Amino acid sequence: KYMKNENKPFFSVIVPVYHDWDRLQLCLNALEKQNYPKELFEIIVVNNDPKDKTPNSLSLPTNCQLVREEKPGSYAARNRGASLAKGDILSFTDADCIPDANWLNEIFKYYQQNEGILSGAVEMFSTLKNKNLNFAESYDYVFGINQVYYALKKEAATANLSITAKEFFINDGFRVDMFSGGDVDFCQRAKRKNIKFAYLDKAIVKHPLRNNLKDLIIKGRRLAGGKVYKNKIKGLVLATSPPIVRIKILFFNSKAPLITKLKCLLVIFIIKTHQFTEACKVAFGAKNERL
């Protein structure tokens, strides 16, 4: 049904980038090593800050094109990539992700018999050489991108999300007015339209653990503001309520070492304090900024 060649579909891999050229290069290097035939997939990198000049050192694979999207937000950038895509299947990942060499091949195997959204595994790894995870890494190890947990709700992060091109447009793409949570919103709308959802642990991308507390606070504020922006009252309640669910997950569902859990617990409360402030600001009219 989706085949452009007798046996295999054509893929469009879409990667938004925002001031992250060094890690994008690692992502592109990994995509260049895919076991899937190179002539059967394209890579579309979308620069989400046209004023940010592409470094001369950036090396693009021969099946890669670099385009620009002026509207701020990674979801606007993903929609831009999708609008240019030639693929039967759209596979999204992020500039800081490193896809496994079998990533596209595993996705292909799924779509031989299926349609809809496919969520893949995201393996978190440390870029530091310290023996123990620091405070930020400890938090991200437990809560960074838990695709297995998301999949239980038929949701997925765009770090590893694929969908047939036909169904992407049936689902009206991503909301471009959201800076965070657009992947959850996309999956929720797909669920209402009875678009099939599946999770495949063999389709793997690796994602670095955030090792800077400031980065986690920025992400937390962005998520809280996004919840309030999407649904003011419910979002405000969710963003400002005590982190009971997180604490439960931390101590009952996480297999992390005790020292990692204790570090993570402290960071939970630090982030919640910032989320509370951000949620209140957005509720009273402040813009949900791309922090």
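Reader: What makes both faces of β1 covered?

Author: In this predicted model, Phe11, Val13, Val15 and Val17 on one side and Ser12, Ile14 and Pro16 on the other are all buried, where buried means under 20% relative accessible area, exposed over 50% and partly exposed in between, with a 1.4 Å probe and protein chains only. Because 7 of the 7 residues of β1 are buried, the strand is largely enclosed by the rest of the structure. Residues are numbered from 1 along each chain as its sequence is written. Local features need pLDDT of at least 70, side-chain atom pairs count only at pLDDT 80 or more, totals for chains, interfaces and linings use all residues, and side-chain values use heavy atoms, leaving out hydrogens and water.

Reader: How do you know that β1 pairs with β4?

Author: Two strands pair if DSSP finds at least two bridges between them, strands being DSSP runs of E with at least two residues and helices runs of H or I with at least four, numbered from the N terminus. Here 4 bridges join β1 (residues 11–17) to β4 (residues 89–92), and the two run parallel; Phe11 has Ile89 as its bridge partner, while Val13 has Ser91. With β2, β1 pairs in the parallel sense over 7 bridges, and Pro16 stands opposite Val46 there.

Reader: Why is the unit of β1, helix α1 and β2 called right-handed?

Author: A crossover is called right-handed if, with the strands pointing away from the viewer, the path from the first strand over the helix to the second runs clockwise, and the β-α-β unit made by β1, helix α1 (residues 21–32) and β2 is right-handed.
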